[in-house]
Amino acid sequence: MLLSTSNLQFSRWTFFKHLTPRKFKLAPPLCQHKSVATLSHFGILTSRQKDQIHLYVETLLQWNKRMNLTAVREVNEVMERHVEDSLAILPPLSDCYRSHCSASCDKLSLVDVGTGAGLPGVVLAIARPEWDVTLMESMNKRCVFLEHVVGVIGSSNIKIVRGRAESLGQNPCFREQFDIAVARAVAEMRILAEYCLPLVRVGGLFIAAKGHDPEVCNSY
């Protein structure tokens, strides 16, 4: 969805073609799971980034035994449904930012609204260490997990903010401060727009990664 905050005109379009993964063989990763070899977006990461992803997944599943972070319980499923799904956001995000914002993607500020267990924010921060990524989460126990996992993976480009997007969007410290806002399966589209658009700078992007039909909003 392309949305203009100045006159509220809408036009709908999707990036489904960008999100269909291509399968090819990879060298065996640290975690020996056959299905990882079919993850095309994961396959282009550096060795260090792959190590960080594995640490993240292992920590997520460990903590998930004592608190509800994800309904997915197996490493293979986490890699396919969470990690690969999060990485699949990057190609359409980068293409759209360059075409609609007429700017480089080398150094961006991104906020993940309602990040939960850090998806997609932690994965995006690992894949793009030159970006400044803010994880926005309202539940304290999830923020505790996020603080821990950021220390485990050793990422210095991640900031965690506890609070609700509808309130933080009115705070001058966060309002219109980000190049990109992204949300994954948080709420229906009209609610997401209300939560996320106030956080995006004029000319920035809002990415709603919902299932196989992600939508992108351009903020004017």
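Predicted model: local features only at pLDDT ≥ 70, side-chain atom pairs only at ≥ 80, totals over all residues.
Q: What makes up the protein chain in terms of helices and strands, and how many of its residues count as buried?
A: The protein chain holds 8 helices and 8 strands. Of its 220 residues, 55% count as buried, a word used here for a relative accessible area under 20%.

Q: Why is leucine 197 called buried?
A: Leucine 197 has a relative accessible area of 13%, and because buried means under 20%, leucine 197 is given that name. Leucine 197 lies in the loop between helix H8 (189–196) and strand S7 (200–209). The C-alpha atom of leucine 197 is separated by 9.8 Å from that of phenylalanine 178, a residue 19 places away along the chain.

Q: Why is glutamate 176 called partly exposed?
A: The relative accessible area of glutamate 176 is 41%, and since buried means under 20% and exposed means over 50%, with partly exposed in between, glutamate 176 is described as partly exposed. Glutamate 176 is found in the loop between helix H7 (165–168) and strand S6.

Q: Why does arginine 184 count as buried, and what does its side chain join?
A: Arginine 184, in strand S6 (residues 178–184), has a relative accessibility of 16%, and because the cut-off for buried is under 20%, arginine 184 counts as buried. The side chain of arginine 184 is joined to that of histidine 82 by a polar contact of 3.3 Å, and to that of aspartate 85 by a polar contact of 3.2 Å; these pairs carry that name because a polar contact requires N or O atoms within 3.5 Å. Leaving aside neighbours within four places in sequence, arginine 184 is in contact with residues including Arg81, Ser86, Leu119 and Ala209.

Q: How do you know that the span of helix H2 agrees with its number of residues?
A: Helix H2 (residues 47–64) has 18 residues, which at 1.5 Å a residue should span 26 Å, and its end C-alpha atoms are 26 Å apart, so the two values agree. The buried residues of H2, among them Ile53, Tyr56, Val57 and Trp63, pack against helix H1 (40–43), helix H3 (75–87), H5 and H6.

Q: How do you know that the span of helix H4 agrees with its number of residues?
A: Helix H4 (residues 90–101) has 12 residues and should span 16 Å at 1.5 Å a residue, while its end C-alpha atoms are 15 Å apart, which agrees. The buried residues of H4 include Leu90, Leu93, Tyr97 and Cys101.

Q: What makes strand S4 largely enclosed, and which strands does S4 pair with?
A: Because 5 of the 6 residues of S4 are buried, S4 is largely enclosed by the rest of the structure. Strand S3 (residues 109–113) is joined to S4 by 5 bridges, and these strands run parallel; here valine 111 stands opposite threonine 134. Strand S4 (residues 132–137) is likewise joined to strand S5 (residues 158–162) by 5 bridges, again running parallel, with valine 133 opposite isoleucine 158 and glutamate 137 opposite arginine 162. They are called paired because at least two bridges are needed for the name.

Q: Which elements make right-handed β-α-β units with S4?
A: S3, helix H5 (residues 121–127) and S4 make a right-handed β-α-β unit, and S4, helix H6 (residues 140–153) and S5 make another.

Q: Which peptide bond is cis, and where does its proline lie?
A: The bond from leucine 119 to proline 120 is cis, with omega near 10 degrees, and proline 120 lies in the loop between S3 and H5. Most peptide bonds are trans.

Q: Which residues touch the most other members of the largest nonpolar core?
A: Of the 50 residues in that core, Ile53, Tyr56, Val57, Val83 and Phe145 touch the most other members. Apart from it lies another core, of 19 residues, among them Val111 and Phe178.

Definitions and conventions:
Residues numbered from 1 in each chain as written. Heavy atoms only, no water. Helix = DSSP H or I, 4+ residues; strand = E, 2+ residues; numbered from the N terminus. Expected span 1.5 Å × (residues − 1). Buried < 20%, exposed > 50% of the residue type's maximum accessible area, 1.4 Å probe, protein only. Right-handed = clockwise from strand over helix to strand, strands pointing away. Polar contact = N/O pair within 3.5 Å; in protein donor to acceptor, adjacent residues only side chain to side chain. Contact = heavy atoms within 4.5 Å. Core = buried A, V, L, I, M, F, W, Y, C linked by side-chain atoms within 4.5 Å.
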